[in-house]
Amino acid sequence: MAKTEPAATRIQAESQPPKPSWLSKEWKHLKKNRELLLLATPGVLFKFVIAYIPMIGLILAFKYFRYDQGIFGSKWVGFNNFEFLFKAQDAVRIIRNTLLYNITYIVLGTVAALLLALLLNELSGKLIKIYQTTMFLPYFISFVLVGYITNAFLDHKGGFLNTMIGWFGLEPHKWYLETTPWIFILPLVALWKGIGFSTLVYYAGITGINTDYYEAARLDGASRIQMMWRITLPLLKPLVIILFILGLGNIFRGDFGLHYFVPNNVGPNFPTTDIIDTYVYRALTKLGDINSAAAVGFLQSVVGLVTVLSANFLVRKADKDNALF
Amino acid sequence: MPNTKGFNLMNGFINVFLIALCLAIALPFVLVVIISLTSENSLVQDGYQFLPREWSVEAYRIVFQKPDPLLKGYMVTILITVIGTFISLLLTAMTAYPISRMDFRYNRPITFYIFFTMLFNGGLIPFYIMMTQYLHLKNSLLALIIPTLLSPFNIMIMKGFLDKISKEIIESAKVDGAKEFRIFFTIILPLATPALATLGLFIAFGYWNEWYYALLFIDNDKYIPLQLLLVRILSQIEFLANSPLAQVADKLAYANFPTLSVRMAMAILAGGPMLIIFPFFQKYFVKGITVGSLKG
């Protein structure tokens, strides 16, 4: 008798119309998508470990971290770590430097790349390829090597820059120990390294423009300057705006390689070369204040998210198709 | 045709300007090569010159006399480039394919999950603590491979390519009873070869020039990739005193050791070969860049 009961209930359950429970429906979907899901699983798990778990570590900004106590064992200290933002001049300095340099790189890079792309577009023939390849060369080397190359110019004893200014009768400088020159040196190096890349992006944008526009303009007797001003530039505008805004979105993320290897990590030039990223790195590897670094790192992550989201919002407003999400 | 003359004149100006610019861009490279070929005497006396008083291959002779650090650097770099590129390509394609399938139910949440990491992250300090204190990856080859293994940017490029593959091929394979795994490995991957080649070049380029994670995670002499070797030589000449190179220095008496030209010779031997090889693939870089920047 005991055996028949479950059998009876089973029959009963089967004869009832299947309940459209959310869970069982989802289970069915899961089974149907099982294989594709499995394919994506390694990547998803990997990102979980490498990107999502460290997000928990952001709480370090509110803790007094000690290696022996770990992330969770360390004491909570509230907003203590953030105090240095208002006290030490370090904080003001690295945030100011990060923002000002990034703005300079974005403006300078955009204007120069746009100009060069327009000039390249005026030419035809084999020379274009040579120009492109030459401009692209610095893109292929690491910032470590850029550091070597700038060192050949800036070295105090034999650097070529001192030789050059010597031609005009100027005294040699100790570049690595000074502050003001870096305001010009760093953007120049950034331009040298990145110009080939961004020029090609804009040049590709220009070559993508329908040639009919130019044909029509030529028939109407437009000059080349007019075509550049009235056709090429307006049609490039969306691309320029989007890249510009995306650059602004990343304004809190500094270029570590540029600011670490080119000024050669020398203390005396920190007032004009140190950015958030180099500061955090030093705090971590040298004897530094890891708690202040955690606080400023927290700020960088959070403010970074806000700026990227605002940038995307602006792109959406300008041109919906080009928004990131 | 009064205009043609004006055109040619303008072209002339543009060409002159661009040639001058390209010279300015290329000359720093030339200077480094020349410094490496200058005798130490000339360097000490006249500084770095484009036309040195005395040429010499002494620097290269010294490096090749004891090539161990350089060869080891090449070995480590080649190793992480090959292994890293292979795993990275596979992982990128495996992640990009499901989210390129519009009929995949979890398409949107996974896409968001991946791209959110581009917008927000824990920053350097939590990542560093996790890698060293919890995963114990300090001083390992994995520390050089893992951090850049799966970039949302690459997934985006890959997805862009995969979107273009006709869905009918997949449908008909499904009708024939093929499982998704088989479809991916025997149909999608072969069709995506051009994309894989472009992306593979990108990834390999990244691994080859990788120095950031080496700087963070490697502090013994076992796994020094080329770029880190260069960092060490650049940042401290004292490096010569406590590295394998020091033995050479000892023989030559440290005072006479041509550090300046040797430094530049090392830079050229470490960075030069790729500077010659990469430009040949410039076309693919441009392709990847334009896809990436226009789409995101």
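**Close-ups of a predicted two-chain model**

**Figure 1. Chain A on its own.** Chain A has 16 helices and two strands. Its radius of gyration comes out at 29 Å, well over the 20 Å that the globule rule gives for 325 residues, so chain A is more spread out than a compact globule. Everything here comes from a predicted model. Along the principal axes, the C-alpha atoms of chain A fill a box of roughly 110 × 70 × 30 Å. Of the 325 residues in chain A, 36% are buried. If you take the chain A contacts between residues at least 6 apart in sequence, 67% of them join residues at least 24 apart.

Figure 2. Look for the kink of about 45 degrees at Lys237(A), shortly before the proline Pro238(A). The buried residues of α12(A) are Thr232(A), Leu239(A), Ile242(A), Leu243(A), Ile245(A) and Gly249(A).

**Figure 3. Where chain A meets chain B.** On the chain A side, 73 residues are in contact with 70 residues of chain B. Which helix gives the most to that side of chain A? Helix α3 of chain A (residues 34-56) does, with 15 residues. For the complex, the predictor gives an ipTM of 0.83 and a pTM of 0.83.

**Figure 4. Two asparagines with positive phi.** In chain A, Asn265(A) has a phi near 55 degrees, a positive value in a residue other than glycine. You'll find Asn265(A) in the loop between α13 (256-261) and α14 (270-273) of chain A. Is Asn265(A) buried or exposed? It counts as buried, because Asn265(A) has 21 C-beta neighbours inside 10 Å and the cut-off for buried is 20 or more. Over in chain B, Asn139(B) isn't a glycine either, yet its phi is positive at about 60 degrees. Asn139(B) lies in the loop between α6 (124-134) and α7 (141-145) of chain B. With 14 other C-beta atoms within 10 Å, Asn139(B) is partly exposed.

Figure 5. Chain B has 16 helices and zero strands. Of its 296 residues, 39% count as buried. Among contacts in chain B with a separation of 6 or more, 73% come from residues 24 or more positions apart. Ile169(B) counts as partly exposed because it has 13 C-beta neighbours inside 10 Å. Tyr74(B) is 95 residues away from Ile169(B) along the chain, and their C-alpha atoms are separated by 43 Å.

Figure 6. Chain A has a mean pLDDT of 84, with 92% of its residues at 70 or more. Which residues of chain A stay under 50? Residues 1-5 of chain A do, and the model has zero contacts beyond four places in sequence for them. Chain B averages a pLDDT of 82, and 86% of its residues score at least 70. In chain B, pLDDT stays under 50 over residues 238-243, a stretch with nine contacts beyond four places in sequence. pLDDT also stays under 50 over residues 251-256 of chain B, where the model has two such contacts beyond four places in sequence.

Conventions
Residues numbered from 1 in each chain as written. Chains lettered and ligands numbered in written order. Predicted model: local features only at pLDDT ≥ 70, side-chain atom pairs only at ≥ 80, totals over all residues. Contact = placed C-beta atoms within 7 Å. Helix = DSSP H or I, 4+ residues; strand = E, 2+ residues; numbered from the N terminus. Bend = angle between axes of the 7 residues up to and from the residue. Buried ≥ 20, exposed ≤ 12 C-beta atoms within 10 Å, placed from the backbone. pLDDT = per-residue confidence, 0-100. Rg over C-alpha atoms; globule rule 2.2 N^0.38 Å.
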